[in-house]
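Dear colleague,

I am passing on to you the structure that we spoke about, together with some notes on what turned up when I went through it. Please read the notes with the structure open beside them.

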There are 2 protein chains.
Amino acid sequence: MTAADLAPRILEGDRRALARAITLVESGRADHRAQAAELLDTLAGVGRQALRIGLSGTPGVGKSTFIEAFGLRLTGQGLRVAVLAVDPSSARSGGSILGDKTRMEQLSRDPNAFIRPSPSQTHLGGVARRTREAVSLCEAAQFDVVLIETVGVGQSETLVAEMVDLFVLLMAPGGGDELQGVKRGIMEMADIILVNKADGDLKPAAMRTVADYAGALHLLRKRPQDPEGFPKALPVSALSQDGLDKAWEEMTALADWRRAQGHFETRRAEQARHWFEAEVREGLLARLREDPQIRAQMQALGTAVAEGDSAPAAAAARMLALLRD
Amino acid sequence: MTAADLAPRILEGDRRALARAITLVESGRADHRAQAAELLDTLAGVGRQALRIGLSGTPGVGKSTFIEAFGLRLTGQGLRVAVLAVDPSSARSGGSILGDKTRMEQLSRDPNAFIRPSPSQTHLGGVARRTREAVSLCEAAQFDVVLIETVGVGQSETLVAEMVDLFVLLMAPGGGDELQGVKRGIMEMADIILVNKADGDLKPAAMRTVADYAGALHLLRKRPQDPEGFPKALPVSALSQDGLDKAWEEMTALADWRRAQGHFETRRAEQARHWFEAEVREGLLARLREDPQIRAQMQALGTAVAEGDSAPAAAAARMLALLRD
């Protein structure tokens with residue numbers, strides 16, 4: 001099946017075609033990259049404008065259970081939901097060792113859902129590119145909601161924040177953010193903090209945690225893209241399903257407000273510009289790696305540096321002068 | 001005082017001249033950068049080969065108290081000790097709000113010690129460059145030991161691991177590494193884990209923690225640069241000073257073994273090569289930002305992308321083609 005064959009099938013929402021297209025996007029092979037570029041070009045500007053939601057949470061907060069319950073809630077309303085996992089390490093970490101589809105068994109069988117496990121062994125720069133392209137493909141495939149999932153401990157949250165419309169942080173009851181292993185900067189990215197496990201014995205603790213985070217969020221400076229009351233903290237229970245509808249209401253209310261105020265489009269425009277700049281940067285560096293002459297010169301100077309015949313900064317200055325000429 | 005005046009004074013071990021030189025290195029001003037480059041060039045290859053030690057630990061483990069006690073121990077043996085703080089955020093975080101010199105009061109008054117607080121507001125790439133250059137300057141200024149301190153929660157540990165000979169992780173008794181906010185990857189970088197506060201009531205907990213980490217380290221795959229028994233976990237008490245001599249013995253034993261096996265020089269050579277490559281990369285990107293024509297083209301294409309007239313990847317391909325011609 002060629003890229004040209006894939007395009008119409010993706011536009012019809014065919015999940016197998018979408019999966020194949022994402023595999024092309026993830027591939028390191030030059031011919032696959034070329035096919036992916038052609039496909040993305042064909043599909044540019046068509047398809048739906050999905051609501052792109054970043055969802056971050058450390059292992060143990062019940063992220064898979066939440067996505068399963070929340071995703072089924074949305075598909076139950078007739079929405080088409082795609083879930084993309086981002087962290088290159090998540091395949092190795094405890095939570096998802098069995099694979100993302102096993103983690104979200106019911107959702108993965110839902111015809112209105114699409115779950116894409118994170119590829120192993122991708123470097124962070126590659127992750128950003130692949131994920132942005134996968135989001136474009138999901139929109140072409142008529143998905144209404146694209147959930148991009150990260151594990152809340154690394155750099156991938158920053159990358160994801162640069163490609164989503166909303167950022168949601170899932171927490172467990174109790175403990176400060178440090179105890180839960182969430183970096184402070186991640187909390188500050190959140191539009192909505194959901195405290196999961198607000199059920200049974202843990203409910204009082206969850207409500208206290210909601211109050212704690214609501215207090216903490218209140219201390220953050222209000223951003224122009226936030227309506228009154230945002231960012232906010234809410235209790236949810238993936239188990240009892242309490243609060244899931246409310247969480248979705250808040251997400252759509254926030255997105256609608258931002259659309260009405262023009263923040264939504266402004267943000268997407270900025271994100272597209274950043275993406276463009278990142279691609280140029282990456283492309284330049286790739287050229288450096290691929291040109292045999294440049295590579296040979298880098299090699300020779302690198303060896304001189306490694307053997308102590310030249311200082312790193314001085315050798316770099318020489319290389320930059322060579323590249324200029 | 002010009003860069004030419006600074007060089008001989010640095011070589012004599014003058015701490016004020018060293019401090020001024022590091023200020024040049026940290027500056028964003030082009031004339032300062034040029035002076036710094038000239039100075040580094042003058043000093044290249046002279047001075048001592050210090051033992052470069054990365055020291056990471058989250059706030060609360062007693063890092064300042066440890067560095068103070070450990071540093072005084074080394075200066076008491078006639079060694080000259082420099083302490084460089086890395087994290088751009090540490091100036092804002094609780095532990096060091098009073099400044100690094102206040103944190104390590106006695107050590108900062110020791111004529112054989114040099115303490116450099118972390119500069120605020122530096123981006124991570126800049127941190128790497130500044131720190132590498134500051135290490136070179138400390139070596140030129142005849143320091144025997146350069147301790148590079150990080151807070152154990154961010155990306156700076158990876159950067160620091162790329163510029164040190166040994167990596168030491170300081171922990172508090174009790175809790176797993178997640179509870180202490182140390183990322184898993186950081187533990188795996190450690191050559192030596194020191195469990196601090198092994199004194200008084202906390203001693204039994206500290207000994208248990210040492211045993212836990214020793215067990216965990218045992219599970220990690222042995223690296224070629226590790227002699228038998230490394231990486232290892234040891235108890236220390238900055239308060240009672242117990243274990244500090246032992247910790248230093250283990251560090252020097254490890255460094256000596258690596259020197260004898262050739263790993264020490266191999267690693268320094270690789271680090272120098274990486275530094276060179278990073279400088280070339282950064283220099284190329286800076287050129288992109290500084291050339292007015294290129295900037296104008298980037299601006300025009302970026303606007304087209306932001307306005308939806310062009311797909312990011314397609315615009316990037318066009319820009320790269322322009323740059324090639």
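This is a predicted model: local features need pLDDT of at least 70, side-chain atom pairs count only at pLDDT 80 or more; totals for chains, interfaces and linings use all residues.

Residues are numbered from 1 along each chain as its sequence is written, chains are lettered from A and ligands numbered from 1 in the order in which they are written, and side-chain values use heavy atoms, with hydrogens and water left out.

**Where chain B meets chain A**

On the side of chain B, 39 residues are in contact with 38 residues of chain A, contact being taken as heavy atoms within 4.5 Å. The area buried between the two chains is about 3,300 Å², and carbon and sulfur atoms give 73% of that area; buried area here is the accessible area (1.4 Å probe) that two parts lose on being put together, summed over both. Arg273(B), Phe276(B) and Arg287(B) supply 20% of the area that chain B buries against chain A, which is more than any other three residues.

The elements of chain B that give two or more residues to this side are α12 (263-290), α13 (292-306) and α14 (312-324), where helices (H or I, at least four residues) and strands (E, at least two) are DSSP runs numbered from the N terminus. Of these, α12(B) gives the most, with 14 residues. Sorted by class, the side of chain B that touches chain A has 25 nonpolar, five polar and nine charged residues, with Ala, Val, Leu, Ile, Met, Phe, Trp, Tyr, Cys and Pro counted as nonpolar, Asp, Glu, Lys and Arg as charged, and the others, Gly among them, as polar.

Between chain B and chain A the count of salt bridges is zero, a salt bridge being a side-chain nitrogen of Lys or Arg within 4 Å of a carboxyl oxygen of Asp or Glu. Four residue pairs, both at pLDDT 80 or more, are in polar contact between these chains; a polar contact is a pair of N or O atoms within 3.5 Å, where within protein one must be able to donate a hydrogen and the other to accept it, and residues adjacent in sequence count only if both atoms are side-chain atoms.

**Salt bridges within the chains**

Over all chains, the structure holds 40 salt bridges. One of them joins Glu139(B) to Arg52(B), with the closest N and O atoms 3.0 Å apart, and this pair links distant parts of the chain, since Glu139(B) is in helix α7 (residues 124-140) and Arg52(B) in strand β1 (residues 51-56), 87 residues apart. Glu139(B) is buried at a relative accessible area of 9%, and Arg52(B) counts as buried at 15% (buried means under 20% relative accessible area, exposed over 50%, partly exposed in between, with a 1.4 Å probe and protein chains only).

Glu139(B) also forms a salt bridge with Arg268(B), the closest N and O atoms being 3.7 Å apart. Arg268(B) lies in helix α12 of chain B and Glu139(B) in helix α7, so the pair ties together parts that are 129 residues apart in sequence.

In chain A, a network of salt bridges links Arg33(A), Arg129(A), Glu133(A) and Glu279(A).

**Strands and one residue of chain A**

Strand β3 (residues 113-116) of chain A is covered on both faces, with Ala113(A) and Ile115(A) on one side and Phe114(A) and Arg116(A) on the other, all of them buried. Strand β2 (residues 81-85) of chain A runs parallel to β3(A) and is joined to it by four bridges, strands being paired if DSSP finds at least two bridges between them; Leu84(A) has Arg116(A) as its bridge partner.

Thr75(A), in helix α4 (residues 63-76) of chain A, is buried, with a relative accessible area of 8%. Its side chain makes a polar contact with the side chain of Asp110(A) at 2.7 Å.

In strand β6 (residues 192-195) of chain A, Ile192(A) and Leu194(A) point one way and Ile193(A) and Val195(A) the other, and all are buried. Four bridges join β6(A) to the parallel strand β5 (residues 166-171) of chain A, and four join β6(A) to β7 (residues 232-235) of chain A, which also runs parallel.

With best wishes
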